[in-house]
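Please look over the sequence and the model before reading on.

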Amino acid sequence: MLPKANFRSRKRGQVSQMFDLPISTLRYYDKEGFFPNLVRKGNIRYFSHNELEALHVIECLKKSGLGIKEINQFFMWVKQGSETYEKRKELFETRKSAVEAEIQNLQKALSLLEFKCWYYQKAIEDGTEENIQAMLPDKLPSDIQKLYDASHE
C-alpha cells in the first residue's frame, strides 16, 4: 500500500484508464456507494488511495464471480467496522476456493488445448491420424503424455 501522504489523487478519466473501466462503470460504483469519501470539485471526481484500493477489491470480487449485490454487502460490512471481520474473511476464503477451483478447471482445459495443438500438428506432418491413434492412450511422447493425462483426469 502507498502511504497516503505521498499519494496523488487521480481524476475519473485517469482511473478509467488505469483499471480499463468505462467512466460509466465508475459512475455506477459511485452511485452504489462504494466511494463514500470521494472528493468532488464541480463535475470532477478525485480518486484517492482509498478509492483505488476499493476498486482493486471490487474488480477482484467481480472476477472471482461475485455480483454487485454481494460486493455491496461486503462494503456494508466494511462500514460496520471490526465486528464484521469474520464475515469479510469468510467471504474472501470462499472466493479464494472458487478461484482455485476455476484455475484447476482452466488448467485442465489448457492441457487439452495444448494436446490437441500437438495432435493436429503431428497429423498435418504425418498426413494422417493413424500414428497418433496408435499411441493413445499411454504411448505418447512423455511431455505430450502429461498433457493428455492432465486433460483426461
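Which helix gives the most to the lining of the largest pocket?

## Basis of the report

This is a predicted model, in which local features need pLDDT of at least 70 and side-chain atom pairs count only at pLDDT 80 or more, while totals for chains, interfaces and linings use all residues. Residues are numbered from 1 along each chain as its sequence is written, and side-chain values use heavy atoms, with hydrogens and water left out.

## The largest pocket

Helix H3 gives the most to this lining, with five residues. Helices are DSSP runs of H or I with at least four residues, strands are runs of E with at least two, and both are numbered from the N terminus. H3 and helix H4 (68-80) each supply at least two residues of the lining.

The largest pocket holds about 300 Å³ of space and is lined by 14 residues, with Phe 34, Asn 50, Ala 54, Phe 75 and Val 78 nearest its centre. A pocket is an open set of points on a 1 Å grid over the protein atoms alone, where a 1.4 Å probe fits, with protein on both sides within 12 Å along at least five of seven lines; lining residues have an atom within 4 Å of a point. The volume is the space filled by probe spheres set on the points, which are joined across faces, edges and corners. 

Three strands make up an open antiparallel sheet in the order E1-E3-E2. Two strands pair if DSSP finds at least two bridges between them. Strands E1 (10-11) and E2 (39-41) are the edges, each pairing on one side only. Helix H3 (residues 49-63) packs on the sheet and touches E1 and E3, its direction making about 80° with that of E3. Contact means heavy atoms within 4.5 Å; axes are lines fitted to C-alpha atoms, for helices over the stretch in contact, and angles run from 0 to 180 degrees between N-to-C directions.

E2 and E3 (residues 44-47) are joined over three bridges, and E1 and E3 by two. Tyr 46 in E3 stands opposite Val 39 and is also the bridge partner of Lys 11.

## Phe 74

Phe 74 lies in helix H4. Phe 74 counts as buried because its relative accessibility is 7%, where buried means under 20% relative accessible area (1.4 Å probe, protein chains only). Beyond residues up to four places away in sequence, Phe 74 touches Val 57, Leu 61, Arg 88, Leu 91 and Phe 92.

Note on methods:
Buried means under 20% relative accessible area, exposed over 50%, partly exposed in between (1.4 Å probe, protein chains only).
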